[in-house]
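Some notes on the model follow, point by point. Please read them with the coordinates open.

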Amino acid sequence: MRATVILVQVNPGEAFTIQRDDGQFQCITGPAQVPMMSPNGSVPQIYVPPGYVQQIIEENGVRRVLVLPQTEFHPGGHSPLHHPPPPPPHAHLQAFIPHPHIMHHPAHLYSGMAGGTGDMNAQYISQYHPAHTTIYSEQDTHQPHGRAAFAHRDERASKTYERLQKKLKERQGVGGGGGGGGGLALSKDSPPPSPQKSRGTPPTGGDLQNGLGELDEEAKALQERLNSICKPVVTDIQARGASLSWLAPLRTESDKEPKEGEEIPSEPSFTYEVSVSYNGKDGKYKTTYSGVELSATLQDLRPATDYHVRVHVMCNCLQGVPSEPVSFTTLSCKPDTPSPPRKASGTKSSLVLQWKAPCDNGSKIQNYILQWDEGKGTSVFEQCYYGPQKQYRLTKLLPASRYSFRLAAKNDMGVSEFSEAVPIMTSCSVPAAPQNPELVQPGVTWLCLRWHRPAGSPKEDDISYVLEMEEEGSGYGFQASYDGDELSHTVRNLHRSTTYRFRVIAYNAEGKSNPSPVSEFTTAPDRPTCPCRLSVKGKPHPTSFRLTWDPPKDNGGSDVTKYVAELSDDLSGTFQPGSSWNQVYSGLAMECLCDGLSPGCSYQARVHCISAGGESPMTEALQVQTPPVPPGPCLPPRVVGKPKAREVQLRWAPPLVDGGSVVSSYSVEMFAPQAEEGREVYQGSELDCTLGSLLPGRTYGFRLRAANKAGFGPFSERSDVTTGPGAPEACRPPHVNCKSPTCAVISWEAPHCNGAAVSEYRLEWGAAEGSMQICYTGAALSHELRGLLPATSYFCRVQALNAAGVGPFSDAVLCQTPCSVPAAVSSVHALRESEMRVESRVTERVEDEEEEEEEDEEASPLLYSPSTCLGLRWEAPCSHGAEIMSYLIDLGERQPILTGPVTKYIIQNLQPDTTYRIRIQALNSLGAGPFSHTFKLKTKPLPPLPPRLECTASSHQTLRLKWGDGPGKAQSTDSLQYHLQMEDKIGRFISLYKGPCHTHKVQRLNESTSYTFRIQAFNEAGEGPFSTVYTFTTPRSPPAPLKAPRVERVDESCEVNWETLPPMKGDPVIYCLQCMQGNSEFKQIYKGSATSFQLPSLSLSTEYRFRVCAIRQCQDAPEIVGPYSSTVILLPPRVDTPGASSATGSKATEAQKPKRSLTDEQFSFLIIALLAVTSILIAVAIQYFVIE
């Protein structure tokens, strides 16, 4: 079957998209003829848009397929119920292949749009399944009265182009204003933009020419290219969305082709804006997309609505004219969700429901679906009506029952969502008369009432209530004061202390019930006003006054039950706002007596009354002043200083009670010796006076009285004063009698008084003669001193005093107290753990003393366990003249411990973690002294036990040890720590690790060697015992890695040599040689103690690889294989001519030798050498060029 070539003619201004062999889409713009090759020779069936027909023309064996418009075509005349059959999948692409030899390539190639080959009417595409994306070329879409002939498109396009060029030149001549014509991206919820200009109006975005008045040639060419944007293609139309795609602007004929050798100019970057209008072709357009993509998706569209879409392109501040709009109509869909049905009317057994029609979304609503729950109250709904009506009557229902209904609408596209379920109730009978209302709480101007639901009324019945009220004596009858569905109400704006009558009426949709029984309630009374005319009855007395008042003008609707009078207790007279008030009267009388007051003070009084309505406000405070009285008695006058022989100075204090008035003067009377009457010797306002002309050695009496504006007060008690006598003589030395080591009695004789009796004696006592202090002052002739120190020398002396002065001291007397028991131990301390050492005993011979000292220096000192021992240290108390022989330590319940004359002792054999009460007593030859104060000491807990030691990992040089149950790393809060030790060669244990971790790695060990370890745990309680000895052995070490073997080819065989390793601790070392031929695996070809091997019968065309390893042969263990050496490659020999082979034999042999790679050490040394040489060269260059 021969292939057929078919030419597809593409008209000017149109585009045709094909799919190439590599799967890419290629867009061809007209005018052009696209050669298509049909492998089977058949003519394809091309699906054309409505209003177009295809025509096949055959010329010279070449068939042409033309798509031409019909003479008349009405796009809106198709029926939505009859759709043309869908085209076969990919019928327009897969059956034809572009002919590579005869196809003329267009000037511009563009990547194809997803889903189409050319333009297609959007209204036509909507009738096909969205999966078929076949697109056909057309000249225009959706004209109101059809289309003209197809050939008129070229003429119209050329006229439009000329018109645009003319207007562009006019703008250039004027100078061009700036006005951005780019579409503004609006949200989907914003109102439509203002009407845009028609297609014929040139855009204003091209006026922005970077501030220049005219366009250069490149800008003109770009502007023409922007104006040549093709109209977009609408695909995948849905009810609320559609897909839009378009082609990039094409190069115009004015664009010059680049000459040979010139660079092809790069494509500019275009920005596209898509505008949509739903008010017709010339309506308002709203920008819905702005970007650089060649496709966009329109969303949130209205179903069954005509839309017009156009695209304009912008580039480098230039904006092209919008493309020709493309119209499309969105698909119809199911109706919107209707509103819930409502109750139009109803009876006890029937309901009439009505509803409104929702938006039909392009397809007429045919029926409505009404569902109900049959009054069960569940979420299960059943259909009760299906039809086109907008109301429905349900019968045979139960009275006072609740039913739930929901509604859905149906058209040709489907059924809408159901509305929300709405409850509707049927009517019921008239409710019964409710019970009489009850009083909840009364108020002065309100009453809170409540009532109950009528008996027998169903819960579903919506019952409302009317509360009626009648005021007693008003004559208006019952008036409604509340109408609602609540069961309580507060009636306000009532009169105080007034009786009201109430009744309740219940009603529903069927009617009202009979009134309830009448209830009578009375409002509460109001509080009264304050009493009137508060005043003082009669004259105030110094300690009392009488208050009187009148009843209040308004009693608040109830009688006053009592009056309360209050009096302030602020005697300062300031009457601050925070002054306290005291109740002085409570009763029904309208006067009261306020007594128990202070003379000459100001008081404030106030009164309030109390009734059933509450307490009244307080009256204004009434200020009352009590009259003063003469002052009270003064204290007896006292002598100032020492009385002289002929002169006495007296001083006194003001009286405690001034009588309510300031004291103005004082009067002093004196009584001479043996005189019965006194005489006034001083009158004045001062508080002291000096009296002279007195006789020495005589006793005088004095008394005092004070006066204020009310008069003189009573006299004070009499005060006797004796004038000055002479000083007494010195006493004889006192006599000291020691009753005990701490007590002594000192006695003395009275001296001559020199005319005046001795009033007192002063005894001085001290340990030194020059530092004695007064220890007694009194009239007695003896004194007992206590608290003395035993076995101590003291000095004492005595002095006599009388009214005239002080006599001289007696001679000092020396005495000594006897010896006594020791004093109490005052300072006791606990020993630190480092101080609790075990004292070593010298039990060895003199020959071994030096060795023992060396061992003691190395070993740590032995310490007492703080868990069973307590160490004490104290300071020796005073011995009181007798040497301390021993100390007694009291431990409470334990037997006391007797020690020698030491100040440090360690108590042993105690209980761990136990508190002891300890006190210490000193003993000498005279007996035991007092115990010290009791103090508490606690032994520490026992140290922890050692954990189990394990070896978790080992190598020939390391051992990893683990102990205990815990993490490997230590925590900051761990109090338990460990001490790991290892035994050395001489049998001593040395410390390896000390810390809180549970693991430790021991390094630098010898292979196949046993090591001994032990571990100890310690914490705050101390160090625990060491564990049993653990022994772990390191394994044998593997042989060292060998260097790469040396390979030499000998004719058709090769010889492999490698280095020799010495025996490892008596164990012989053998070698294993492996070989890999080509790409196969390594195979062992030799195993033995030799260091070379010859491999015969080599293939001349195969590559060989060799590697070798050492194997340690243990006597009592399996062999240990070491690591393999690096691989050596033996390349096949090169094939040369006979003459050349003999001349280059040595070179071929050298080439066949394996290349040895540098090790890491050699490579590092090479880098260091290069850096050193470079540094030297740089230094020489600097020395030569810079310094010299």
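1. Buried here stands for under 20% relative accessible area, exposed for over 50%, and partly exposed for the range in between, with a 1.4 Å probe and protein chains only. V1186 is exposed because its relative accessible area is 63%. This residue sits in helix α7, residues 1160-1187; helices are DSSP runs of H or I with at least four residues, strands are runs of E with at least two, and both are numbered from the N terminus.

2. The model is predicted: local features need pLDDT of at least 70, side-chain atom pairs count only at pLDDT 80 or more, and totals for chains, interfaces and linings use all residues. Residues are numbered from 1 along each chain as its sequence is written, and side-chain values use heavy atoms, without hydrogens and water.

3. V1186 also belongs to a nonpolar surface patch with I1178, I1182, Y1184, F1185 and I1187, and together the six have about 690 Å² of accessible area. Patch members have over 30% relative accessible area and no salt bridge; like charges are joined within 9 Å, and nonpolar side chains (Val, Leu, Ile, Met, Phe, Trp, Tyr) within 5 Å. A salt bridge is a side-chain nitrogen of Lys or Arg within 4 Å of a carboxyl oxygen of Asp or Glu. Areas are from the Shrake-Rupley method with a 1.4 Å probe, and for residues only the protein chains shown count as cover.

4. Three strands form an open antiparallel sheet in the order β56-β57-β60. β56 (828-830) and β60 (904-907) are the edge strands, each with a single partner, so one side of each has no neighbour in the sheet. Pairing requires at least two DSSP bridges between two strands. β57 (residues 870-874) and β60 are joined antiparallel over four bridges, and G871 has I906 in β60 as its bridge partner.

5. There are 29 aromatic pairs in the structure. Rings of Phe, Tyr and Trp (its six-membered ring) pair with centres within 6.5 Å; planes under 30 degrees apart are stacked, over 60 edge-to-face, and the rest tilted. W549 and Y563 are a tilted pair, because their planes meet at 55°, with centres 6.0 Å apart. W549 is in strand β34 (residues 545-550) and Y563 in strand β35 (residues 560-568), so the pair ties together parts 14 residues apart in sequence. W549 is buried at 2% relative accessibility, and Y563 is buried at 5%.

6. Y1086 and F1093 are stacked, at 5.4 Å between centres and 25° between planes. Y1086 is buried, at 18% relative accessible area. Elsewhere, ring pairs connect W246, F270, Y272 and Y289 into a cluster.
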